[in-house]
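Here is a short briefing to read alongside the model. Please keep the viewer open as you go through the points.

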Amino acid sequence: MLAATRRVISSTPIITSSISRNVIRSRGYADVATDRSLVASLVCPHSPIFIERKVDLLTVPGSAGVFGIAKDHVPTIAELQPGLVVVDEGGKKEKFFVSGGFAIVNTDKTCVVRAVEAVPLDQLDVDAAKRGVQKYTQELATSNDNEAKAKAQIGLDVHRAMCIALGVSA
């Protein structure tokens, strides 16, 4: 029985179709990378923050945790939670606070971050973020219906994330 199994395995071609051969050939591990940049965009419904900017690394607050996106990142769609998007461009880092959204990494070495709101970190008001935590904590504690509690929880999560991004305690 073992001998029969060996014959079947040895007579089975490793690549069974031209599609598989093309996929394997197109991977290109030995190619020399000439451009090590990711082409990234950060857009909001009301206006773009930046479009098609060449960056070395984009760090985003995914719902499963913070992760970095470089030129050869696997194509993916990730939900974003409130937090920092960090753009690393030649060692210079630019930080934006996003309230949530999606990061879409494409096969063509591009990434689009679609955020509900995005603000440069230096434009956030520390006192307003702290007041927001207090306000939404109070609303969450005193709300009687589920819709009001859900709105208060979202507000609390966003303002807590702002405080964390600003490096202050609420």
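Predicted model: local features only at pLDDT ≥ 70, side-chain atom pairs only at ≥ 80, totals over all residues.

Residues are numbered from 1 along each chain as its sequence is written, and side-chain values use heavy atoms, with hydrogens and water left out.

**Salt bridges**

- Searching the whole structure gives four salt bridges (a side-chain nitrogen of Lys or Arg within 4 Å of a carboxyl oxygen of Asp or Glu).
- Glu89 pairs with Arg53 in one of these salt bridges, with the closest N and O atoms 3.2 Å apart.
- Glu89 belongs to strand β6 and Arg53 to strand β2, so this pair ties together parts that are 36 residues apart in sequence (helices, H or I of at least four residues, and strands, E of at least two, are DSSP runs numbered from the N terminus).
- Arg53 also forms a salt bridge with Glu94, and here the closest N and O atoms are 2.6 Å apart.
- Glu94 is partly exposed, at a relative accessible area of 27%.
- Lys151 forms a salt bridge with Glu147, their closest N and O atoms being 3.3 Å apart.
- Lys151 and Glu147 are four residues apart in helix α4, so about one helical turn separates them.
- Both Lys151 and Glu147 are exposed.
- Through shared partners, salt bridges join Arg53, Glu89 and Glu94 into one network.

**Helix α4 and its ends**

- The 21 residues of α4 should span 30 Å at 1.5 Å a residue, and its end C-alpha atoms are 30 Å apart, which agrees (the expected span is 1.5 Å times one less than the number of residues).
- Among the buried residues of α4 are Ala152, Leu156, His159 and Cys163.
- The buried residues of α4 pack against β6, β7 and α3 (contact means heavy atoms within 4.5 Å).
- Asp145 caps the N-terminal end of α4, placing a side-chain oxygen 3.3 Å from the backbone nitrogen of Glu147.
- After α4 comes Gly167, with a positive phi near 75°.

- Ser143 sits in the loop between α3 (126-142) and α4 (146-166).
- Ser143 is buried, with a relative accessible area of 13%.
- Ser143 touches Ala148 and Lys149, not counting residues up to four places away in sequence.

**Nonpolar cores**

- The largest nonpolar core has 20 residues, and those with the most contacts inside it are Leu42, Leu58, Val60, Ile69, Cys111 and Val113 (a nonpolar core is a set of buried Ala, Val, Leu, Ile, Met, Phe, Trp, Tyr and Cys residues joined through side-chain atoms within 4.5 Å).
- Elements giving two or more residues to this core include β1 (38-43), β3 (57-62) and β9 (110-115).
- Ile69 touches residues including Leu38, Ala103, Val105 and Cys111, not counting residues up to four places away in sequence.
- A second, separate core of 12 residues includes Leu124, Tyr136, Cys163 and Ala165.

**An exposed loop residue**

- Asp72 is found in the loop between β4 (65-69) and β5 (76-80).
- Asp72 counts as exposed, at 61% relative accessibility.
- Asp72 and Lys109 are 37 residues apart in sequence, with their C-alpha atoms 6.4 Å apart in space.

Key. Buried < 20%, exposed > 50% of the residue type's maximum accessible area, 1.4 Å probe, protein only. Polar contact = N/O pair within 3.5 Å; in protein donor to acceptor, adjacent residues only side chain to side chain.
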